[in-house]
Amino acid sequence: MIAGERSPKDGLDWVRRFADALDEMVWVWDAASGRVLHANAALLRLLGRESAAPVGRRLLLERVSQEDAAPLREAREHLPGTGYTLEYRLTQPARRGERARVARLREQAFASFGPNGERWVTHVARDISWQFDTTAQLHAEMSRRADAERSLSEANARLEAMLATANDPVISIDERSRVVDWNNAAERVFGWAREEAIGQVLSELIVPPAHREQHLAGIRRFLADGSAQIFNKRVETRAVRRSGEEFDVELSVWPVRTASGYTFSSFVRDISRRKAAARALAESEAKYRQVVENVNEGILVTAGGRILYSNPKALALTGQTLESAMSRPFIEFIHPDDRERVLGNHMRRLRGEAVENNYQFRVLHVDGRVRWLEISGVRFDWQGEAATLNFLVDVTERRQAEEDMRGALMRERELSELKSRFVAVASHEFRTPLAGILSSVELLDTYGARLPASERSEIVEQIRTAVTRMNGLVEQVLLTSKLESGHFTFEPRPLSVPQLLVQLAAEMDQALPQASRIAMRCDGLDESRLLDPRLLRHILMNLLSNALKYSAPDSAVECRVAAERDDGLLFSVSDRGIGIPAEDLPRLFETFHRGTNVGSIQGTGIGLHIVKECVDLHGGRIDVESESGRGTVFHVRLSAPRAAGH
């Protein structure tokens with residue numbers, strides 16, 4: 001029979017209506033045929049269809065859990081004989097947006113008779129899932145509450161044990177500043193036993209008189225408007241022991257609201273030792289700072305290419321202020337030629353690599369001077385970062401002294417070599433004319449009366465020539481001595497250059513048989529110039545003498561003078577002689593130095609040295625162009641302003 005159908009003939013319409021109004025699931029089936037006679041609306045909602053299955057004995061069995069299906073099937077097999085009441089689990093599939101679930105039903109089955117005496121079986125099933133869900137939730141909640149109470153009890157026990165054994169005092173007070181808790185550390189630090197402290201006003205126990213009113217006012221202000229200055233933060237203040245001794249403490253205070261009002265708890269840490277250590281450290285740092293800032297060594301702390309600290313001595317080495325030194329990379333204060341070396345050593349030392357520990361480099365002073373410093377350094381930690389501690393010493397004067405000493409040694413060595421060369425040259429240059437003089441004197445002594453007058457005159461002339469040569473050698477040596485000792489000075493006066501050249505040509509014609517090979521040229525020099533005639537005479541005489549000496553008797557020698565810009569004069573002396581080897585050019589103007597290709601040509605090696613000294617005194621410059629075997633050209637440039645009024 002379809003639910004909802006009504007048969008007025010059987011007289012049971014009211015029963016069907018009553019069953020449909022129930023929340024329980026009800027179905028009735030005929031014991032003889034097994035056909036379902038009625039299934040109420042609650043059952044149909046569970047089944048998800050409008051009519052029940054045709055066999056009432058098997059209704060719902062396909063959804064019953066495997067564990068519960070066998071007992072239920074066996075109980076139904078005894079129907080209609082024996083009724084039963086069973087609980088079982090039933091799977092309700094998902095539908096209409098609802099998730100699948102397992103429901104727990106309690107089913108009661110019993111036999112009854114129909115209107116005509118036929119045997120019927122009635123089933124009434126109730127969904128009792130909620131009972132199990134609620135019970136499980138209740139058990140779970142009770143378990144959670146028990147666990148929470150146990151955890152709270154354990155936490156309280158741990159907290160009490162922790163507070164009791166804490167190294168720092170833990171103190172709690174109420175709104176009237178009366179002590180409600182006082183741990184063992186508080187007894188030890190302040191000297192009051194717990195029994196003595198509980199109930200006492202805290203400000204009268206441990207707060208110094210100067211801070212008591214402030215303490216009480218803070219509590220009143222918090223209770224009045226909730227404002228606080230010291231809660232939930234660390235505060236340093238003073239406390240007092242039972243003995244009356246005041247000491248430094250650090251407080252952490254927090255309020256706790258309770259059913260009876262507020263309590264205020266605090267951790268109190270004795271920091272008197274830390275404060276004393278900090279004061280001692282500050283005093284020690286001040287002493288060491290005095291030492292560091294007054295030592296004669298510069299001290300720098302550097303890291304990452306920058307200066308982190310500098311003492312006054314280190315700043316004085318470059319003339320920088322502390323602000324400017326720390327605002328720029330330190331490499332900017334180092335001489336460009338030394339930057340790569342210094343920065344490389346700095347970075348390797350930071351990495352812990354092997355590095356030269358003592359070396360010297362140059363720094364740039366703000367006044368433009370270059371100072372030499374010697375550095376030694378070590379790697380260390382500065383405020384948690386790798387840095388280098390550097391010690392600097394100004395070695396500029398020491399290097400200058402060493403340089404002066406090396407120069408003095410060099411000059412002494414040169415003087416020794418000069419003496420040796422002078423002895424060698426003098427012995428050679430003097431021995432030749434002296435031998436000639438001795439030979440001539442012996443001829444005159446032995447054969448003088450028998451020699452013709454012309455031969456006697458020739459021998460006398462040879463003696464005179466030898467004496468003149470020796471005299472010239474002595475004059476060159478004396479002139480060199482005067483030039484090197486500074487006794488020669490630059491004394492310019494108005495001078496006609498063409499006239500000077502004429503005089504030189506006349507003098508050389510008398511002194512040198514080959515002087516006629518010299519060609520003098522003078523271009524654009526009609527006005528007198530300010531020159532030192534003595535220096536200029538030595539320059540030209542020596543250059544022309546050498547040109548004649550080291551060139552063939554039939555080759556030309558030229559002396560040319562030309563005006564240059566800015567009142568300059570260019571003197572050029574050229575020959576086509578033996579030339580100067582390239583290896584001799586660097587030492588060309590040294591005293592007693594002679595070219596390696598001069599052979600037996602007589603000379604002292606003094607002339608070009610005299611030329612160079614005279615050019616330097618005149619503030620000029622001398623250059624040489626030469627090729628071995630093809631001749632030489634000397635260029636002398638002198639400043640020669642035009643003489644006023646000439």
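**Overview. Of the protein's 646 residues, 36% count as buried.** Here, buried means under 20% relative accessible area, taken with a 1.4 Å probe and protein chains only. This is a predicted model, in which local features need pLDDT of at least 70, side-chain atom pairs count only at pLDDT 80 or more, and totals for chains, interfaces and linings use all residues. Residues are numbered from 1 along each chain as its sequence is written, and side-chain values use heavy atoms, with hydrogens and water left out. The secondary structure comes to 17 helices and 22 strands; helices (H or I, at least four residues) and strands (E, at least two) are DSSP runs, numbered from the N terminus. Among contacts between residues at least 6 apart in sequence, 51% join residues at least 24 apart, a contact being heavy atoms within 4.5 Å.

**View 1. Strands E3, E4 and E5 are joined by antiparallel pairing.** Strands count as paired if DSSP finds at least two bridges between them. Strand E3 (residues 84-92) pairs with strand E4 (residues 101-113) over nine bridges, and threonine 91 stands opposite valine 102 in E4. Nine bridges also join E4 to strand E5 (residues 119-127), where you can find alanine 111 opposite valine 121 in E5. E4 and E5 form a hairpin with five residues between them, and glycine 117 in the turn has a positive phi of about 90°.

**View 2. Five strands make an open sheet in the order E17-E19-E20-E22-E21.** The pairing in this sheet is mixed. At its edges are strand E17 (518-523) and strand E21 (621-627), each pairing on one side only. Neighbouring strands are turned by 15° against each other on average, direction ignored. Strand E20 (residues 568-575) and strand E22 (residues 631-639) run antiparallel and share eight bridges; look for aspartate 575, whose bridge partner in E22 is threonine 632.

**View 3. Helices H15 and H17 lie across strands of the five-stranded sheet.** Helix H15 (residues 497-511) lies across E17, strand E19 (557-564) and E20, running at about 175° to E17. H17 lies across E21 and E22, at about 145° to E21. Axes are lines fitted to C-alpha atoms, for helices over the stretch in contact, and angles run from 0 to 180 degrees between N-to-C directions.

**View 4. H15 and H16 cross at roughly 45°, their axes coming within 11 Å.** The crossing is right-handed, that is, the near helix is turned clockwise from the far one by less than a right angle. The contact includes Leu500, Leu504 and Met508 of H15 and Leu536, Leu540 and Leu544 of H16. By class, this contact has nine nonpolar, two polar and two charged residues. Ala, Val, Leu, Ile, Met, Phe, Trp, Tyr, Cys and Pro count as nonpolar, Asp, Glu, Lys and Arg as charged, and the others, Gly among them, as polar.

**View 5. Helix H16 (residues 533-549) packs with helix H17 (residues 607-617) at an angle of about 150°.** Their axes are 9 Å apart. That makes H16 roughly antiparallel to H17, and their crossing is left-handed. Among the residues that meet here are Leu535, Ile539 and Leu543 in H16 and Leu608, Val611 and Val615 in H17. The contact of H16 with H17 has nine nonpolar, four polar and no charged residues.

Terms used:
Parallel < 35°, antiparallel > 145°, perpendicular 65-115°, else oblique. Buried < 20%, exposed > 50% of the residue type's maximum accessible area, 1.4 Å probe, protein only.
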